[in-house]
Amino acid sequence: AFALWLLVGVVVCVPMRVLAWESQRWVLHRLWRIVAAPFYRVRFADTWVADQITSLPLVFLDFEYTICQITQVQILGGYLDSNSVCLNPTVGVRQILNILPSWLRLVQCLRAYYDTRHRSHLINAGKYFSSFPVVVAASLVAEAREVRIDYFKTGYFFVWLTLALIHAV
């Protein structure tokens, strides 16, 4: 399984003239422009690809979990309980992967505002910024559940619910 993931990573990321080279190069170029959005004028294709990425945080979390499982079981020999390590809400990797797509769009919106001075870009940036407190509150709920604290009594759940509703609007 690890060799398959490695092969997919090599085929996608290494610029070889195989498997629709022009499309592969276009996607890699767009991904670069998304990451480097503060330094380039944002184009429609960059925004479109970043919007697609914004709908994929669960895919990133599943990919992180898969890599963690492969590392724990196949490489380290399963010395640790892989579920307690890979699903640990205090590690922070899962939170970063959950915030990353919104962060990329936030930076794009701020750059678009810098270039055009249209207020709509700031409103759009606020929409993506509002996902950050939702992820933090969801992490607090997950942590409370992990240590068996009643997250209803702590209020974490209601904070998360309120922030999630605000973000959804």
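Start by selecting Ser131, which sits in helix H8. The model on screen is a predicted one.

**Stop 1: Ser131**

Is Ser131 buried or exposed? Its relative accessible area is 8%, so Ser131 counts as buried. The cut-off for that class is under 20%. Now show the side chains around this residue. Leaving aside residues up to four places away in sequence, Ser131 touches Ser102 and His167. With Ser102 there is a polar contact, side chain to side chain, at 3.0 Å.

**Stop 2: Ser130**

Step back to Ser130. This residue lies in the loop between helix H7 (119-129) and helix H8 (131-146). Ser130 is buried too, because its relative accessible area is 19%, and the limit is under 20%. Which side chain does the side chain of Ser130 meet in a polar contact? Select His167: the two side chains make that contact at 2.7 Å.

**Stop 3: Gln72**

Move to helix H4, residues 57-75, and pick Gln72. Gln72 has 8% relative accessibility and is therefore buried. How far apart are Gln72 and Cys86 in space, C-alpha to C-alpha? The distance is 8.5 Å, for a separation of 14 residues in sequence.

**Stop 4: H2 against H3**

Select helix H2 (residues 21-35) together with helix H3 (residues 44-54). Two values describe a pair of packed helices: the angle between their axes and the distance between the axes. Here the angle is about 85° and the axes are 9 Å apart. H2 and H3 are therefore roughly perpendicular to each other, as angles of 65 to 115 degrees are classed that way.

Show the side chains at this contact. From H2, color Trp26, Arg30, Leu31, Arg33 and Ile34. They meet Ala45, Asp46, Val49, Ala50 and Ile53 of H3. Sorted by class, the contact of H2 with H3 holds 7 nonpolar and 3 charged residues, with no polar ones.

**Last stop: the whole chain**

Zoom out and switch to cartoon. How many helices and strands does the protein have? There are 10 helices and 0 strands. Tracing the sequence gives the pattern α-α-α-α-α-α-α-α-α-α.

The protein exposes about 11200 Å², and 69% of that comes from carbon and sulfur atoms. Of its 169 residues, 28% count as buried; Ser131, Ser130 and Gln72 are among them. Finally, draw the contacts between residues at least 6 apart in sequence: 47% of these join residues at least 24 apart.

Technical notes: Residues are numbered from 1 along each chain as its sequence is written. This is a predicted model: local features need pLDDT of at least 70, side-chain atom pairs count only at pLDDT 80 or more; totals for chains, interfaces and linings use all residues. Side-chain values use heavy atoms; hydrogens and water are left out. Helices (H or I, at least four residues) and strands (E, at least two) are DSSP runs, numbered from the N terminus. Buried means under 20% relative accessible area, exposed over 50%, partly exposed in between (1.4 Å probe, protein chains only). Contact means heavy atoms within 4.5 Å. Accessible areas come from the Shrake-Rupley method with a 1.4 Å probe; for residues, only the protein chains shown count as cover. Axes are lines fitted to C-alpha atoms, for helices over the stretch in contact, and angles run from 0 to 180 degrees between N-to-C directions. Angles under 35 degrees count as roughly parallel, over 145 as roughly antiparallel, 65 to 115 as roughly perpendicular and the rest as oblique. Ala, Val, Leu, Ile, Met, Phe, Trp, Tyr, Cys and Pro count as nonpolar, Asp, Glu, Lys and Arg as charged, and the others, Gly among them, as polar. A polar contact is a pair of N or O atoms within 3.5 Å; within protein, one must be able to donate a hydrogen and the other to accept it, and residues adjacent in sequence count only if both atoms are side-chain atoms.
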